[in-house]
Amino acid sequence: MDFSNYNIGYGITGSFCTFSKARKAVEHLKELGANVVPIFSFNTQNCDTRFGSAKEFVDGICAITENEGIKTITQAEPIGPNNLLDIMVIAPCTGNTAAKLWNGIVDTPVLMAAKAHMRGGKPLVIAISTNDALGTNFKNIGALMNMKNVYFVPFEQDNHKSKPNSVVADLALLPDTIEAAMKGKQIQPVLLR
């Protein structure tokens, strides 16, 4: 795959346990030649967790992409009118972000970037990662799956015994999902197990 002609917006929301996988996905997109513009939710920028320091994570992603990233709603708004991206990815995409996206709520830089980007009819790729995907967020995920220009990275239950409603996208399939989405196609199968 050659992504050297792609400007990819990479939105990161607060599924902190998947941040190491998100970092590897960003590295891989860069290896494929993409220009990656990181877009950080407020929680990603500010919440230190048992998975690491917010500042170290954000600074690390910015170093990989060689891009300062988008960290405010006002920085995200020009994405649409200025036609800055070819495709946008939200990876990881929390259940909270998925619910807000479906319901038109724009209160983080990632959500504003998605809204601005999609207003031009461009593709949005979602890599869902949430403990309530098969619970309260099931309806939002289903609605987003039927939304024009929205594509999902294939996902699976990550721990069906102790977290039966939890799913996580397989970020190893992100490049294939992007490639298909750029052609207006949903990679299949979406459900891995």
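Which residue of S4 stands opposite Cys-93? The points below answer this and describe the surroundings of that strand.

1. The model is predicted; local features need pLDDT of at least 70, side-chain atom pairs count only at pLDDT 80 or more, and totals for chains, interfaces and linings use all residues. Residues are numbered from 1 along each chain as its sequence is written, and side-chain values use heavy atoms, with hydrogens and water left out.

2. Cys-93 stands opposite Ile-128 in S4. Strand S3 (residues 87-93) runs parallel to S4 and is joined to it by four bridges. Strands (E, at least two residues) and helices (H or I, at least four) are DSSP runs numbered from the N terminus; two strands pair if DSSP finds at least two bridges between them.

3. Strand S4 (residues 124-130) is largely enclosed by the rest of the structure, because seven of its seven residues are buried (under 20% relative accessible area, 1.4 Å probe, protein chains only). Leu-124, Ile-126, Ile-128 and Thr-130 point one way, and Val-125, Ala-127 and Ser-129 the other.

4. S4 also pairs in the parallel sense with strand S5 (residues 150-152) over three bridges, where Tyr-151 is the bridge partner of Val-125.

5. The bond joining Ala-91 and Pro-92 is cis, with omega about 5°, and Pro-92 is found in S3. The bond from Gln-188 to Pro-189 is cis, with omega near -5°.

Methods. Buried means under 20% relative accessible area, exposed over 50%, partly exposed in between (1.4 Å probe, protein chains only).
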